[in-house]
Amino acid sequence: MSGTNVLPVLSLSDIDQAAQLILQAYSPANGQVSADHQRRLQQEILEIQRRPEAWGLVVPFLEHQDPNIQFFGAHTIQVKIARDWDQFPQDRSLELRDTVLGLTTHAISTRRNKVILRKLYVSLTALALKLVPNQPDYWPSWIISTVTYLLERGATMEHILDFLAIVAEEVETADLLQPTRLQMRQTLLDSVSMVVQGITTSVQKPSNQRTPGELQSALKCLEAWMSTLPGSDLTSLIPVLINVLTPQQPSAEFDEDVFVPASDALQAVMSESALSDGSGSKTLTEPLLVWIHTWGGRIVEATLSSGFADAVSHSFCKLLAALGDHSTSYLAAHLASSTQPSPISAAYAPGALPTKSQLIQNFLRLLLAYTALPGYYGVDEEESEMTLGFWYLFQEALWSVEYQFGFDEEEGQEGVDESDRREKDQWTIAKAVYGELVSVLERKVRWPPREVLTSWTRDQKDKFQVYRRDVGDTLINAYYILRNDMLAFYVNGIVERLNSRQETDGWEDIEATLHCIMSIQEAVPVEDNPHLRRLFGPEILGRLPTTGRYRVRRTMLSLIGTYASWFTTQPNVHPGAAGTSLLMTAVSYVGNALPEPSLCLQAANALRDLCDANRAALAPHIAAFGQLHAGLTGIPDTEKAKVLQSIASVIQALPPEEEIPPVETIVSPVVAKLMEALRSSTQLPDDARALAIQQLQTLSGVAKGLTRTSDGLVALDEEAEEREVLERMNRARADPRMVKLREELLNAIQGTVELMSTDAGVSDALSDLFKSITSLPADATLISLPPGPLLELVCVASQRQLTAVWLSLASMLFPQLDPPPPIATSLVSTPSPENWAIVMSVLPALIQISLTFLGQPGAMDANPDIVQAFFSCMDAVARIFTKAFYQLPDGLFNALMDCARSALTLQERYSLVSSCTFLNTLINRTTRSDDLEEAKALLANRYGKAIMQAILSGFAGVAPRSASPNLIDLLSILLSRYPAESRGWIGEILFTEDFTPSKASKEAKEKLFEALTSSRSLKRTREAAQEFVLVARGLENSSFGYTSVVV
């Protein structure tokens, strides 16, 4: 074989040994090998491929009779070229090129299978990627010359098209620098005319003159070159592709082997080519619409008559969806157009050309037919879901049409009256289309009867559930077209079904409609609506089942929760008044479902949403909620927390002094249960843990419920009124019952921390409770706890086991020790002596605990979450209690600063960034405070140079490049706060022999030094530092370096 002497020659024994490994792994003589043994064999094969001698396996393997060994021969040459090119003598590159070409033609002539040929085509392309960018003369016009070489040695057009497809795929996906990528892409462009000619010739050949796979290879080649071909070349191919879709005889069946690849190619034209932006309306959109008008109905009719979408029908559905996505704007603009499409399209219409409106309406009818395919999605059909995305795009496009300008030249001269008529006609058609869509989707989301559903697999049920959610998104777009007509359709439909239903009828139809109404809630305005009044009144809600029938009731419960805010538009009916409000009707319906395990989750969620959104309206009915609380015994603890949060939301709307009894009633039993869990923690640890978590979650829910929402705040225009509100809450908080309750609550929390805080589930529940039960003074509730004792408990928990959870809570609680005044004032707030004492007690302890943990070998690298949370906590303290750091024991502050400096060298970005932020805040606050002059000097003299050393080392490569902006910010604060000192530090650090090794030359360091010491702008500092970061890493001349600069 020509050129094979460029590859090493191995002994027959070595070749046979390697071949036997392959046979053992993939063609074992004694049946299947175990997975472990096969992995070991594959690893041995991989190790052999990595050796330099593996080049010598290529030829003997390709000449072997076993296909598996042949494959590894082709795979080896590909791998060696792609990964081990540096091992090959570069002066013999041309010989290697000739060898690979010879191996390829030999494989073609000996009829090797396509998998092996594909590997060889990939090898040729990989070799071109190595040779052409650096030495173009080694392989001039490499694509054309390779095609010529293969044709001269017996390759068929099918082989050539397969090779060209590989070329495009490999070049497009190769990891290349931008200049090289552009160079290789130019080689593709230089070959475009040859590729287009080859594809066109093969596609247009009579079927009896093509090799069996030639058409498929041509169309796959077209798909591979799609992103490369200019629009002008694509335009000439579109009629060819559309003609391929058409049966050779009008009465003939569609050929799946021809139709599907042609359809795929057209889909690629519309989604991946130069025309994918919606262009080509006359050359692509209109001809396709005419073809669909002529032939599409036949495909759909065959699908409906057979009850099954075959491969042709499935592909046609994808083609419709692709055309809809591509030509949405065209379809919307011409929905009511009476003009005909361009004459180009006449070739696909046997008679007179229809109008654009007729073509588009036919397209929509066919698309709707797939949306409405009989049966259930995921069980009986897979096509309906593919059409859903179009309806969103179409609705957006309908809104964007500008009639006054027209869409085409021939339609741009119409007058105002004609434009108004077209707009009216368009919306008439659009509403009719979306009205049909709404009706179709209502049927499609209907669950089957129970006897059918039991035969479905779990995957089929899950798939149908996801489909229902996707349909819900589509219905939102339909609502934007139909508005209240859509609600009227649904509500009238439910009423009609309720009026005509028999005792034996199922509820699937009504449940489907309720699901549809629930899905569009986010689009429905929060305003009074007669259709929703009917829905939530006695006409519908009052006639739905209240026992059994779990699916329809579950959906109605979810619907009520979804529309919870709508009830705020309805008038309030006070207790004792005639009639019942819609809100209380809904609450009663929800409350009735709470004791039922199958409905409890949805009922609890709905009640929580109703109560949260309608606090003031429900407050007069607090007695009813007291009865609800008394009947909670049958409700699972997991949902009881939501119910108590609901009740707390209603309680919050009462005057503060009236909140006391109900708050005591709902909170005291929960605290008692928590204490019970603590007492039993040694005897029944698992049960106690589960009980404690549940009670903590319940307390969190109650605390959230008692917290005022933005909607519930009273507009306070006068300071006196604001003071009155705060004083009433403070008086209520001072009530002995509330003081005692908060003490018991704090004791229970303390006991939980001391006994169970090392448990992850308990710590998460405590974290949520701490966040819910603390507040600023202006937002305090009856059970809000002060931050000081909770911060001390955080310190206790951290001593037992330091986690990011506790440090994050400390970050939240420290600022609450110096809260803003509840009433706006011009005076600067200062922490109380008691709170300052807590800071000086907790801060040293928390720092010592954290540094002891992080000081262990490898701890900072292994626990990035704790490092990030720790420095975030330190940053929170530095923003408010800067002075506290300089009152720490001297050795402790030194250790903290050393830890912060060490964190600047970490590879985990978020850890490094949090340390940068802390140091930035500490330096900024220290240097801006008049009473910290000594601390300012201390910070510079003792720590400034070390921080600068870490920053510059980070630029040189110690820190990840993504953290450069944060290091630059820290550098900038040093330069601005300590300008003279910083110049000295930079000079001392950059030019020492032990500075971090990098690719930065002395000149690069001098350039950085000059820029930093003379710059007075952050922008110039940033640019100089970013440039040095690239130079130090050897990326200054790479496209990757500059395109990936982090700003």
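Modeller: The model is predicted, and the secondary structure of its protein chain comprises 49 helices and 0 strands. The C-alpha trace spans about 100 × 90 × 75 Å along its principal axes. Of the 1047 residues in the chain, 52% count as buried. Among contacts with a separation of 6 or more, 74% are accounted for by residues 24 or more positions apart.

Let us turn to the packing of helices. Two packed helices are described by the angle between their axes and by the distance between those axes. Helix 1, residues 12-26, and helix 2, residues 35-50, pack at an angle of about 150°, and their axes are 9 Å apart. Because an angle over 145 degrees counts as roughly antiparallel, helix 1 is roughly antiparallel to helix 2. The crossing of helix 1 with helix 2 is left-handed. On the side of helix 1, the contact is made by A18, L21, I22, Q24, A25 and Y26; on the side of helix 2, it is made by H37, Q38, L41, Q42, E44, I45 and I48. Sorted by class, this contact of helix 1 with helix 2 has 8 nonpolar, 4 polar and 1 charged residues.

A second pair may be set beside it. The axes of helix 32, residues 685-706, and helix 35, residues 760-773, come within 8 Å and cross at roughly 15°. Since angles under 35 degrees count as roughly parallel, helix 32 and helix 35 are therefore roughly parallel to each other. Their crossing is left-handed. Helix 32 contributes R689, I693, L696, Q697, L699, S700, A703 and K704 to the contact, and these meet G761, V762, A765, L766, D768, L769, S772 and I773 of helix 35. The contact of helix 32 with helix 35 divides into 9 nonpolar, 4 polar and 3 charged residues.

T926 is placed in helix 43, residues 909-928. With a relative accessible area of 0%, T926 is buried, because the term applies under 20%. Leaving aside residues up to four places away in sequence, T926 touches T882, Y886, L932, A935, K936 and L939.

Two arginines are found in loops. R111 is in the loop between helix 5 (93-109) and helix 6 (114-131), and it is exposed, with a relative accessible area of 75%. The phi angle of R111 is near 60°, a positive value in a residue other than glycine. R483 lies in the loop between helix 21 (458-482) and helix 22 (484-500). Its phi is near 55°, again a positive value in a residue other than glycine. At 36% relative accessibility, R483 counts as partly exposed.

Finally, the cysteines deserve attention. The structure holds 0 disulfides. C916 is in no disulfide, and its nearest cysteine sulfur, that of C899, is 13 Å away. For C899, the closest cysteine sulfur is in C873, at 13 Å, which is too far for a bond, because a disulfide requires two cysteine sulfur atoms within 2.5 Å. C899 counts as buried at 9% relative accessibility, and C916 counts as buried at 3%.

Definitions and conventions: Residues numbered from 1 in each chain as written. Predicted model: local features only at pLDDT ≥ 70, side-chain atom pairs only at ≥ 80, totals over all residues. Heavy atoms only, no water. Buried < 20%, exposed > 50% of the residue type's maximum accessible area, 1.4 Å probe, protein only. Axes fitted to C-alpha atoms, helices over the stretch in contact; angles between N-to-C directions. Helix = DSSP H or I, 4+ residues; strand = E, 2+ residues; numbered from the N terminus. Parallel < 35°, antiparallel > 145°, perpendicular 65-115°, else oblique. Left-handed = near helix turned anticlockwise from the far one by under 90°. Contact = heavy atoms within 4.5 Å. Nonpolar A, V, L, I, M, F, W, Y, C, P; charged D, E, K, R; others polar.
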